[in-house]
Amino acid sequence: MSTQSTSSNIALDYVKTIGIVNNGFNGRGFANPYDIVVDTAGRIFVLNRCDPARAAAIRVGICTLDDEYLGEFGKGSGTAGGQFVWPVAMALDSQDRIFITDEHSHRITIYNTSGEYISHWGKVGAGDGELDGPAGVTVDSSGDLFVVDQHNSRVQKFTRDGKFIVNWGSFGGSDGQFNLPWGVAVDGEDNVYVSDWRNDRIQKFGNNGEFLASFGSSGQSKGQFRRPTSVAVDSEGFIYVADWGNERVQVLGPDGSFELLLQGEATMSKWGEEYLASNPEEKAEREISNLRPVLPDHLNTPYHISSQTEPYFWGPVSVSLDNQGRLYVTETNRHRFQVYQKR
Amino acid sequence: MINNDTALMAHLLRRAGFGASRTELEGYMAMGYDGAVDALLNPSDPGNMPDDLIRRYHVEQSELRDLAGSAAYWMYRMISTTCPMEEKIALFWHGLFATGYAKLNQARSLLNQVEMFRRSGLGSFENLLVELSKDPAMIVWLDNNENHGSAINENYGRELLELFSMGIGNYTEDDIKECSRAFTGWTLGNAEYMAVRASKDSIWPYGRIAWHFDYRDEDHDDGEKTFLGETGKFNGEDIISIIAKQESTARFVATRLFQFFAADEVTEAGDKAIQEMIATYFSSGYQIRDMLRTLFHTEYFRSDEARFSRVKGPVEMVVGAIRMSGNYQNPALGIEKVSDTMLYMGQGLLQPPTVEGWHEGSEWIDSGALVERVNFAAKELSDVRSPGVRSIIDRLQASTDDGVLEPSDLADRCLDLLGPIEVSDETHSVLVDYANRQGALDLNGHQPGDSAEQRVGNMLRLVAATREYQLA
């Protein structure tokens, strides 16, 4: 079964799946991962949002593309320095600093890639520089930070040290307005792309907020979105969108035209293989099962299909790129990420 | 003096819903009683908190891997719905066709079952039983995945007759066997793998895999069967068709509906209402909606005798208090703790104690549960920061000419706005005595959380602690 459409302009080859559900507080595996950043050395940092029962395990896990689990950092759940309650997204700057948003504590927390807590900033409110539910975050080529301020329906631009520069947006569905926006990314020219979550579209702005374009509308057709959560733009200007509500990823051309659709084609991760090797009874039954079932009509929605079609994306909350042309799709509900290579 | 029309509407909404704030009550009053009954029985847009919002903030309610997040998800639905009957009927069937998490370890499929109750719970009972028999959570719960053409497992067949339709004494052991034969081959997709995962509570490698129905023709016993005096090569649907037309089934369904929606105890007058519901069962083609419409229009239901004749179940108690307080209208941390509270009161959503469901009525009340119930309701309704309580304060002020309430008026109007709740003379004098301690209440210029508002909060706390508040 094909789970990817084709395009004459771009092709993505499935590489592998990394991850396994982590039910404890330490060790390899992920707990409702929400975002990924990859450093120049190829280390993959995975933000674990965690559920309330495992809130003490909120952390960033680190692994490599070769399935090596390097460890994790974080200080658990709470509002003390270095802690998180509802972490959402990460951005990595050129100084190996990771900025992590927390939509519950209304702050940006900074760690370095060695896992050392540096500082945090952010004050709840609606004034310039104040935050109400910070979600997506990204860094432009100047090192300035863009934060999606979801409940204030705007994007705010800060210096790397958290000094307010400018903001734009208001609540609504017109150009330049937002409805619970989530993800943000910049392209090679430092234009800013925002996944305008509840308006089912991607909006493109200049570096200081001048509206440039809007892509997509509500729906399940190609080029349409259902609650897009995350956006990323590669060096050629292709726009990758986590079409979360449709449980898929879409790729748009630089002009916003539809190019490619991914539904997910996860295979067994190395960590998963090791689990099954030590649980032969489960493995034997799994091998004779059909994990791509045809479902009854009342379950024929993307969410339900993905809930019982294991290879498909389920909760594809984030799309991230590295400097090698790889795409990382973070799946909250499957505790893993799928890796694709741009041809 | 309580307005009787208002009291009757409040009574209807305690049964067909979870009680009502005064604003909700006024909306239904505008429809008139008959219009309100029709609106409640014909849910359209439930207007509940949308799934996308819930999933965005609550990863545990997006994945639905564990019990806590799943129960909390249903809580949100019940708290925020504008079609309370849809959730109430789902809760009714959840108690009757009691399916629990403990054996399944599969919360997503349990919630799919609840969704099926929403979808089909007011329709034909015959159709509902077919859907129930195809429900993967029920199949695993009562071992129908182990019911094979070559070797039957009677568990589902037995409970279908005993607990889900006709009731004991209306069939034979042979009927159970024949019924079970008819349901061979009714299983779930990847049944063997899912059974292993369920038995091991396995979440590996990638979390749970939800379930769907699968019919295995090769595992179905297609031979001739004799069931309740009829003979044929029956499949499951045929068996249910025979069950549905039994008088005992009609009485069973009518009685259970009556005890959930009308009164814990069936009096002589109540039995007359049940008889009317039985007649409707047959005349309507087994439609639950029509049976309830009949019930809500019976003389019994509209009489004083039916009011406050049920002990609120823990879910009704908790959801009703939160809907009144107006809290949790947006996704928020802590909702999972609220669903835990119901468990401490004796009713954990998605975790009935056995296939027989919960023992209801006065059995909800023991000393531990009562403390939990009173503490929860009193805390929820006395917080003057809550939007629903703020609305009550505003209404209290608006009900006076000069913003000043005499102590007895404070007690009476709090009773009115939380219900109306009818209390005994003894309870009433306790409330008035309490209000008298501080004299008249001046709400002019009241500010959030000031002493005047706090006096209202304290009175609401006291009302929530009365015996009468425990009743629906």
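# Questions on a predicted model

Reader: How many residues does the contact take from chain B and from chain A?

Author: Two residues are in contact if their C-beta atoms, placed from the backbone, lie within 7 Å. Under this criterion, chain B contributes 30 residues and chain A contributes 35 residues.

Reader: Which element gives the most to the side of chain B that touches chain A?

Author: Four elements of chain B give two or more residues to this side: α3 (51-57), α4 (59-63), α5 (67-80) and α13 (191-200). The names refer to DSSP runs numbered from the N terminus, helices being H or I with at least four residues and strands E with at least two. By class, the side holds 14 nonpolar residues (Ala, Val, Leu, Ile, Met, Phe, Trp, Tyr, Cys and Pro), nine charged ones (Asp, Glu, Lys and Arg) and seven polar ones, the class of the others, Gly among them. With five residues, the element that gives the most is α13(B).

Reader: Which pLDDT do local features need in this predicted model?

Author: Residues are numbered from 1 along each chain as its sequence is written, while chains are lettered from A and ligands numbered from 1 in the order in which they are written. This is a predicted model, in which totals for chains, interfaces and linings use all residues, side-chain atom pairs count only at pLDDT 80 or more, and local features need pLDDT of at least 70.

Reader: What percentage of the residues of chain B count as buried?

Author: A residue is buried if 20 or more other C-beta atoms lie within 10 Å of its own, exposed if 12 or fewer, and partly exposed in between, with C-beta atoms placed from the backbone. Of the 472 residues of chain B, the buried share is 54%.

Reader: Which element gives the largest share of the side of domain 1 of chain B that touches domain 2 of chain B?

Author: The bounds, which come from an automatic or database domain assignment, are 6-306 for domain 1 of chain B and 383-470 for domain 2 of chain B. Six residues of domain 1 of chain B are in contact with six residues of domain 2 of chain B. On the domain 1 side, α1 (4-15) and α2 (22-41) of chain B give two or more residues. The largest share, three residues, comes from α1(B).

Reader: How many residues of helix α17 of chain B are buried?

Author: Helix α17(B) covers residues 288-297 and is mostly covered. Its covering includes α1, α2, α9 (125-133), α15 (247-261), α16 (268-283) and α18 (299-302) of chain B. Among its buried residues are B:I288, B:R293 and B:F296. Out of ten residues, the number buried is seven.

Reader: Why is strand β11 of chain A largely enclosed by the rest of the structure?

Author: A:L145, A:V147 and A:D149 point one way from β11(A), whereas A:F146 and A:V148 point the other way. Strand β11(A), residues 145-149, is largely enclosed because the number of its five residues that are buried is five.

Reader: Which residue in β12(A) is the bridge partner of A:V148?

Author: Two strands pair if DSSP finds at least two bridges between them. Strand β11(A) is joined to β12 (residues 154-158) of chain A by five bridges, and the two run antiparallel. The hairpin of β11(A) and β12(A) has four residues between the strands, including A:S153 with a positive phi near 55°. The bridge partner of A:V148 is A:V155.

Reader: Which residue stands opposite A:L260 of β21(A)?

Author: Strand β20 (residues 248-252) of chain A pairs with β21(A) in the antiparallel sense, over four bridges. Opposite A:L260 stands A:V251.
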